[in-house]
Amino acid sequence: LSGEEAATLTAHRHADYFGAMGHRSKLATLDKHGGSLMWKTLLRNLDNLVAGTRWGTARAAAGCCMAALKVLEMKGPMSLGADLAGEVLKNDGLSTTMRTRLMVQQGVCLRISGRMAEARDICTDALFRQSGSNKPTNET
């Protein structure tokens with residue numbers, strides 16, 4: 001392989017590698033014994049995690065985003081977290097569960113950034129999406 005195809009495959013492998021850091025089981029280790037090593041890894045690789053959100057498949061991009069959001073929750077800026085989640089949410093291939101998790105995390109970032117109305121809207125949308133019911137409109 002060479003050229004653009006090789007570059008695309010390399011970018012996907014990169015995102016897959018860093019996206020694995022955002023798996024729920026990996027993130028659950030952060031606040032347990034030995035979690036400091038995972039924190040160090042995430043902190044050192046924030047740039048790689050952000051890049052992975054742009055280069056990866058929907059699943060890898062979501063994993064990179066979830067891991068990056070942990071770092072941004074700790075050191076900011078939260079506005080970057082909101083924007084990053086928003087970009088990843090544009091992926092059509094996200095599972096319903098991952099889409100909901102990302103929407104809730106985006107809402108948290110928006111709230112901490114002082115963007116309360118946007119946070120409320122995104123979290124409300126996430127809850128209705130997860131429950132499978134339709135969000136009521138102002139007309140009803």
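Let's start with a term: a residue is buried when its relative accessible area is under 20%, exposed when that area is over 50%, and partly exposed in between, using a 1.4 Å probe on protein chains only. This is a predicted model, where local features need pLDDT of at least 70, side-chain atom pairs count only at pLDDT 80 or more, and totals for chains, interfaces and linings use all residues. Residues are numbered from 1 along each chain as its sequence is written, and side-chain values use heavy atoms, with hydrogens and water left out.

Now look at alanine 15. It counts as buried because its relative accessibility is 0%. You'll find alanine 15 in helix α1, residues 3-19 (helices are DSSP runs of H or I with at least four residues, numbered from the N terminus). Leaving aside residues up to four places away in sequence, alanine 15 touches Gly52, Trp55, Gly56, Ala60 and Cys64, where contact means heavy atoms within 4.5 Å. Take alanine 60: it sits 45 residues from alanine 15 in sequence, yet their C-alpha atoms are 5.6 Å apart.

Next, hop over to helix α8, which runs over residues 116-131. Its buried residues are Ala119, Ile122 and Ala126. Seen down the axis of α8, these buried residues fall within an arc of 75 degrees, so they line one face of the helix; the arc is that of the directions from the helix axis to the C-beta atoms. The buried residues of α8 pack against α7. On the face turned away from the buried side, α8 carries the exposed residues Arg120, Leu127 and Ser131.

Notes. Helix = DSSP H or I, 4+ residues; strand = E, 2+ residues; numbered from the N terminus. Expected span 1.5 Å × (residues − 1).
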